[in-house]
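Welcome! Open your viewer, keep the selection tool at hand, and let's walk through this model one stop at a time.

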Amino acid sequence: MSILGSLNWDDIFIVPWFKEPSTSTAIAAGAGGIVVLGALAVLVLLTVKGWWKPLYKEWITSLDHKKIGVIYIVLAAIMLIRGVLEAVVMRAQQVAPAPGFLSVEHHAELFSTHGTIMIFFVAMPLLIGLINVVMPLQIGARDMEFPFMNAISLWLSVGGAALVMASLVIGKFETGGWTAYPPYTGAQLSPNEGVDYWIWSLMLTGIGTTLSGINFAVTIYKQRAPGMTLMKMPIFAWTTLCTAILMIFAMMPLAVCSLMLALDRHAGFHFFTADAGGNMMNFANLFWLFGHPEVYILILPAFGVFSHVIPTFSGKKLYGYTSLVWATIAIAVLSFTVWVHHFFTMGQTAHLNAIFGIATITIGVPTGVKVYNWMLTMWRGKLRFSTAMLFSAGFMFTFVIGGITGVMLANPVISFAAHNSLFLVAHFHNMLIPGLLFGMFAGINYWFPLCFGFRLDEKWGVRSFWCWMIGFYLTFMPLYAIGLMGAPRRMAFFTDPAYMPWLIISMIGALTVLAGLTCQVIQMYVSVKNREDLMVPAGDPWDGRGLEWSLGCPVPEHDFTTIPHITSREPWVDAKASGLRVMEPTEFVDIELPKNTGMGFWVAMVATVGAFGMIFQMWWLAALCWVGMWVLVLVRSYNTDWEHHISAQELRADYERHKHVVETTPKVSLDDEFTSKNRGLIMDMEEAV
Amino acid sequence: MALPASFAVAALWLSGCAENGVMTPSGPIAAAEKSHMIWFFLWMLPVCLPILIGLPWICIKYRRKGGKGAYRPNWSHSTMAETLIWGGSTLTVILLGVLIWINTIGEDPYKHTGANPIKVQVVGSEWKWMFIYPGKMATVNKVVLPQHTPVEFDITAAGAMQSFWIPRLAGQIYAMPGMQTKMNMTTGDLAKLEGFNSQFNGAAFPLDKFEVDVVSKQDYESFLQSPRQPWNDLLTEFKKVATWNGPQIFDAPPKGWWDKASMDPSMVTNGGAAILDDHDPEQKSIDEAIHSELHLSQNKPQGDAQ
């Protein structure tokens with residue numbers, strides 16, 4: 001075996017195009033070119049601007065939970081752009097005259113990377129990033145319980161994403177969809193490195209996510225401010241806790257089944273092949289044992305976001321806190337009891353199918369309760385339609401429609417008639433676009449000032465909402481229709497002319513979604529440009545209800561100058577009601593915060609190179625990196641000088657500074673919430689009178 | 001906004017719907033599936049319509065600027081509302097749960113849909129389907145069935161996992177190597193239907209389909225007498241080619257062949273890759289097959305064979 005394993009010239013992105021010029025290979029070469037040029041452009045920009053040092057010193061080496069969260073979200077944003085562009089190319093492929101401009105294989109790579117990216121490298125980093133930024137601030141913690149492990153989680157996820165991007169340039173990605181069922185993904189039917197890209201990029205991010213889950217759960221158990229009992233925790237912290245527990249238990253089966261698949265492919269095992277007693281049904285079982293809880297890992301944090309955005313912009317207390325907590329717990333528990341509904345068509349007995357069907361609709365109860373709770377929170381409120389609130393309302397409306405089709409699909413008999421069809425594709429996009437993306441967009445618009453000190457531009461935010469909302473309906477309602485007309489998913493082209501009008505509407509929808517994404521890029525640009533006008537230094541731009549709004553924007557590295565003592569569910573609301581605009585300090589004490597270290601980054605990068613070695617069968621490289629990774633971990637473990645000290649005096653000075661800012665900031669009424677008059681000190685003047 | 005639009009879309013769709021889907025059923029099982037779909041949709045409306053109507057209403061009535069609603073900033077609990085919400089959704093789920101139980105047992109694909117069903121054995125491979133009428137004949141990419149008759153398909157696969165589906169007769173079930181699954185159904189009136197694999201399985205996935213002819217009982221009997229090719233030709237060719245465009249009717253295999261094949265996929269396939277490089281000669285032949293298929297389907301007279 002050569003030193004480069006299975007790597008050869010044909011794996012370089014432009015070579016197939018030279019050998020076999022066609023639209024399909026040209027698009028593949030173009031996509032690889034974009035990645036290469038994009039990477040070059042970033043390198044040049046960093047060099048010209050002299051940003052290498054600040055990037056490394058302040059971001060890559062940072063263990064600050066807020067910065068780690070921001071990097072997660074930046075990663076998700078980059079991958080979201082790729083995922084949406086892929087979706088647009090696939091929609092275009094289907095409206096082009098059959099057989100379209102992509103080969104069947106190229107189309108298959110697109111739907112496989114689209115799914116893998118959207119789930120693992122958009123949805124997961126978004127929610128993990130948001131949790132990182134917000135959860136410690138909500139529970140009165142100064143950082144995660146394990147800040148260094150947090151950095152390792154982050155950079156492992158980045159490494160996984162980098163591998164998926166690398167597959168555009170070197171070699172090919174997997175073609176069996178994001179679920180990668182064997183035996184199709186076995187060595188015989190899929191001999192190229194695509195499946196290995198899938199296995200190892202998921203392995204990296206999967207380990208990262210498991211570590212994140214442990215980190216979140218332990219942080220919530222150990223780091224809550226004194227007096228914050230579990231039933232006084234903000235709902236977002238509750239959904240984080242449930243998500244974290246799901247992460248800890250659900251990522252394991254994925255790691256196990258993908259490792260078993262790797263053994264099948266390269267070590268001659270027969271776990272999932274039909275020879276020598278293997279059985280591919282075990283893969284489906286293990287995969288969905290991960291895959292279904294995963295759906296709730298994705299959705300629960302968004303439920304948490306809505307439980308804060310809706311009360312804030314309704315000017316009203318959250319309706320039914322206890323209900324929401326128990327509904328969250330119920331969803332988390334039930335999520336482990338329904339995985340068979342992903343394969344009702346695998347030939348198990350009718351009784352088994354019926355039981356899993358009933359378990360599935362049972363999840364509808366707590367979920368329905370939540371939507372009603374949010375609606376009752378809005379009822380008799382004073383609603384302000386900020387971008388975050390629009391995304392929340394748009395979510396509620398759209399999610400209910402997805403709920404209807406979800407309950408339909410929970411009936412095994414209906415599933416027989418709709419499985420593997422575009423009806424199913426429309427259903428899960430109908431759950432995840434509102435249930436995950438809208439939630440994350442709402443959360444980012446809402447909590448953005450905590451990280452950077454300024455609000456996001458509302459005009460472009462509202463535009464992005466309408467584009468996403470209308471784009472969603474235009475894209476996926478037609479897919480429901482042609483799904484019932486018998487259109488299977490993952491089809492490279494359709495020959496039935498009756499589908500064409502629907503596919504064209506769907507194409508227009510995809511372009512509208514792309515316009516929504518463009519609005520968000522513009523929103524970010526405009527906000528950064530006008531950041532002086534959007535600054536909210538006093539820290540409470542929305543008349544917020546949680547502790548995170550009591551800290552000033554941007555939140556200092558140490559988060560809390562003093563850790564508050566909690567006596568109610570909404571201590572910040574109580575403080576404001578008693579006329580305070582800064583929380584009363586408790587006790588100033590010296591604190592220790594972790595020093596910056598690049599070790600987390602380097603451990604993960606070595607692991608990523610090792611994974612690349614596994615993908616191209618360069619076993620020597622994989623072994624070397626495996627050892628190197630643990631050596632780095634050991635070196636770090638023997639480092640005793642890893643904390644830096646902040647004295648009580650510094651904290652007191654910081655507190656006084658913040659107090660001064662708040663005292664010198666003019667109060668404004670809610671009428672001026674979205675104007676440059678809003679400096680982060682806002683109140684409902686009518687109420688005040 | 002979205003609600004009337006959805007209804008308009010639904011109306012448009014129902015009026016123009018004459019395709020290969022479950023909404024135009026040709027047999028009783030597909031008809032039952034369609035009816036369950038509609039009933040489940042309707043049963044969800046009592047819990048969902050209050051949100052779909054109430055939410056826009058709340059958004060208008062309680063908007064801060066210009067809204068006319070009362071303001072109760074501290075109201076956060078109502079036992080009556082809790083009872084209604086939890087109770088209402090629980091009752092709906094109990095009702096739907098009972099329906100799921102009844103439907104699932106009633107339309108169990110393993111249960112015969114009538115006495116003495118016609119037995120057809122199926123082998124799905126990359127990218128073609130073999131049908132065996134045990135002791136009578138074997139066909140490729142074509143299955144002929146008498147009208148208004150129960151049928152039992154015994155299904156297996158060689159190579160990748162596939163999903164056997166004739167939407168206008170019944171739902172789908174996976175076809176898996178080393179496994180046997182069953183799909184029972186009853187045919188309806190005379191019809192030319194299409195069946196296919198709905199589980200992506202590689203380069204010629206769009207061609208992985210078969211004709212289903214539902215004919216009169218006499219035509220079915222005469223079909224079973226039609227001239228045929230030798231079984232060994234079928235087996236040799238079936239192992240070799242990616243897509244099928246040869247003769248479709250053959251002698252039946254020896255007794256018990258299908259059972260053995262279901263346990264040993266190598267009897268049916270030589271086991272090539274399902275994903276090929278663009279310049280691979282086999283990929284070229286698949287591309288040609290796709291193009292000739294498209295050419296054929298464009299020349300095929302349009303119209304529904306109901």
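**Stop 1: one residue in chain A**

Select Ile214(A), which sits in helix 7 (residues 194-222) of chain A. Helices (H or I, at least four residues) and strands (E, at least two) are DSSP runs, numbered from the N terminus. Before going on, a word on what you are viewing: this is a predicted model, where local features need pLDDT of at least 70 and side-chain atom pairs count only at pLDDT 80 or more, while totals for chains, interfaces and linings use all residues. Residues are numbered from 1 along each chain as its sequence is written, and chains are lettered from A and ligands numbered from 1 in the order in which they are written.

Why does Ile214(A) count as partly exposed? Because it has 18 C-beta neighbours inside 10 Å; a residue is buried with 20 or more other C-beta atoms within 10 Å of its own, exposed with 12 or fewer, and partly exposed in between, with C-beta atoms placed from the backbone.

**Stop 2: two domains of chain A**

Colour residues 1-251 of chain A as domain 1 and 298-527 as domain 2; such bounds come from an automatic or database domain assignment. Taken over C-alpha atoms, the centres of these two domains of chain A are 21 Å apart. The contact between them involves 40 residues from domain 1 of chain A and 36 residues from domain 2 of chain A. Two residues are in contact if their C-beta atoms, placed from the backbone, lie within 7 Å.

On the domain 1 side, select helix 4 (65-95), helix 5 (104-139) and helix 8 (235-266) of chain A, the elements that give two or more residues to it. That side holds 30 nonpolar, 8 polar and 2 charged residues. Here Ala, Val, Leu, Ile, Met, Phe, Trp, Tyr, Cys and Pro count as nonpolar, Asp, Glu, Lys and Arg as charged, and the others, Gly among them, as polar.

**Stop 3: over to chain B**

Show chain B by itself and you can look for 7 helices and 11 strands. Along its principal axes, the C-alpha trace of chain B spans about 85 × 50 × 40 Å. Of the 306 residues in chain B, 42% are buried.

Next, select residues 37-60 and 81-102 of chain B, which UniProt lists as "transmembrane region" in an unreviewed entry. UniProt positions are given in the numbering used here, feature names are shortened, and annotations may be inferred rather than shown by experiment. Residues 37-60 of chain B are 100% helix and 0% strand, with end C-alpha atoms 33 Å apart. Residues 81-102 of chain B are also 100% helix and 0% strand, and their end C-alpha atoms lie 32 Å apart.

Then try residues 115-226 of chain B, where UniProt (unreviewed entry) places "domain: Cytochrome oxidase subunit II copper A binding". This span is 7% helix and 55% strand.

**Stop 4: where the chains meet**

Bring chain A back: 85 residues of chain B are in contact with 89 residues of chain A. Elements of chain B that each supply at least two residues to this side include helix 2 (28-61), helix 3 (79-106) and strand 7 (170-175). How many nonpolar, polar and charged residues does the side of chain B that touches chain A have? There are 49 nonpolar, 27 polar and 9 charged.
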